[in-house]
Amino acid sequence: MMRYEGNERLADETACAGVRADLKMCLLESDCCRIAKNTPRQCLQANNVPPECQVLRNTFYECKRSLLDNRQRFRGRKGY
């Protein structure tokens, strides 16, 4: 999870923006993107990402899914 110093904020204030930003940074810092020069999408499709990126991917999926689930109105959104 990314930590922001002081008054730093993401430009994107939409739902699941924090998880999305963390997933992007995790993918861009992975060996698949840095060394093999693949795009993050290609790395995700090839399932060639580290386990921490897989966890963030699942968290992002759950966050997006919670936006469509009416039961989540009472429970709140997943993610951060």
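**Figure 1. Arg34 and Asp31 lie 3 residues apart in helix H2, about one helical turn from each other.** The two residues form a salt bridge, with 2.9 Å between the closest N and O atoms. A salt bridge is here a side-chain nitrogen of Lys or Arg within 4 Å of a carboxyl oxygen of Asp or Glu. Arg34 is partly exposed at a relative accessible area of 48%, and Asp31 is partly exposed at 47%. (Buried means under 20% relative accessible area, exposed means over 50%, and partly exposed lies in between, with a 1.4 Å probe and protein chains only.) The model is predicted, so local features need pLDDT of at least 70 and side-chain atom pairs count only at pLDDT 80 or more, while totals for chains, interfaces and linings use all residues. Residues are numbered from 1 along each chain as its sequence is written, and side-chain values use heavy atoms, with hydrogens and water left out.

**Figure 2. Arg65 forms a salt bridge with Glu62.** The closest N and O atoms of Arg65 and Glu62 are 3.3 Å apart. Both residues belong to helix H4, where a gap of 3 residues separates them by about one helical turn. An α-helix has 3.6 residues a turn, so residues three or four places apart point the same way. Arg65 is partly exposed, with a relative accessible area of 43%. Glu62 is also partly exposed, at 24%. The count of salt bridges comes to 2.

**Figure 3. The chain has 5 helices and 0 strands.** Helices (H or I, at least four residues) and strands (E, at least two) are DSSP runs, numbered from the N terminus. In order from the N terminus, the elements run α-α-α-α-α. Of the 80 residues in the chain, 26% are buried. Contact means heavy atoms within 4.5 Å. Among contacts with a separation of 6 or more, 44% are between residues 24 or more positions apart. The chain exposes about 6200 Å², and carbon and sulfur atoms supply 50% of that area. Accessible areas come from the Shrake-Rupley method with a 1.4 Å probe; for residues, only the protein chains shown count as cover.

**Figure 4. Helix H1 covers residues 17–28.** H1 has 12 residues and reaches 16 Å from its first C-alpha to its last, close to the 16 Å expected at 1.5 Å a residue. The expected span of a helix is 1.5 Å times one less than its number of residues. The buried residues of H1 are Ala17, Gly18, Val19, Ala21, Asp22, Leu23, Cys26 and Leu27. These buried residues pack against helix H2 (31–34), helix H3 (40–45) and H4.

**Figure 5. Helix H4 has one buried face.** The 18 residues of H4 (residues 51–68) should span 26 Å at 1.5 Å a residue, and the end C-alpha atoms are 26 Å apart, which agrees. Cys53, Leu56, Phe60, Cys63 and Ser66 are the buried residues of H4. Seen down the helix axis, they fall within an arc of 140°, so they line one face. The arc is that of the directions from the helix axis to the C-beta atoms. On the face turned away from this buried side are the exposed residues Pro51, Val55 and Leu68.

**Figure 6. A disulfide joins Cys16 to Cys63.** A disulfide is a pair of cysteine sulfur atoms within 2.5 Å, and the S to S distance in this pair is 1.8 Å. The pair links distant parts of the chain, 47 residues apart: Cys16 is in the segment before H1 and Cys63 is in helix H4. The torsion about the S-S bond of Cys16 and Cys63 is about -95°, so the disulfide is left-handed. Both Cys16 and Cys63 are buried.

Figure 7. A torsion of about -100° about the S-S bond of Cys26 and Cys53 makes the disulfide left-handed. Cys26 and Cys53 are both buried.

**Figure 8. Cys32 is joined to Cys43 by a disulfide, whereas Cys33 is in no disulfide.** The sulfur atoms of Cys32 and Cys43 are 2.1 Å apart. Cys32 is in helix H2 and Cys43 is in helix H3, 11 residues apart. Cys32 is buried at a relative accessible area of 6%, and Cys43 is buried at 0%. For Cys33, the nearest cysteine sulfur is that of Cys43, 3.7 Å away. Cys33 counts as buried at 9% relative accessibility.
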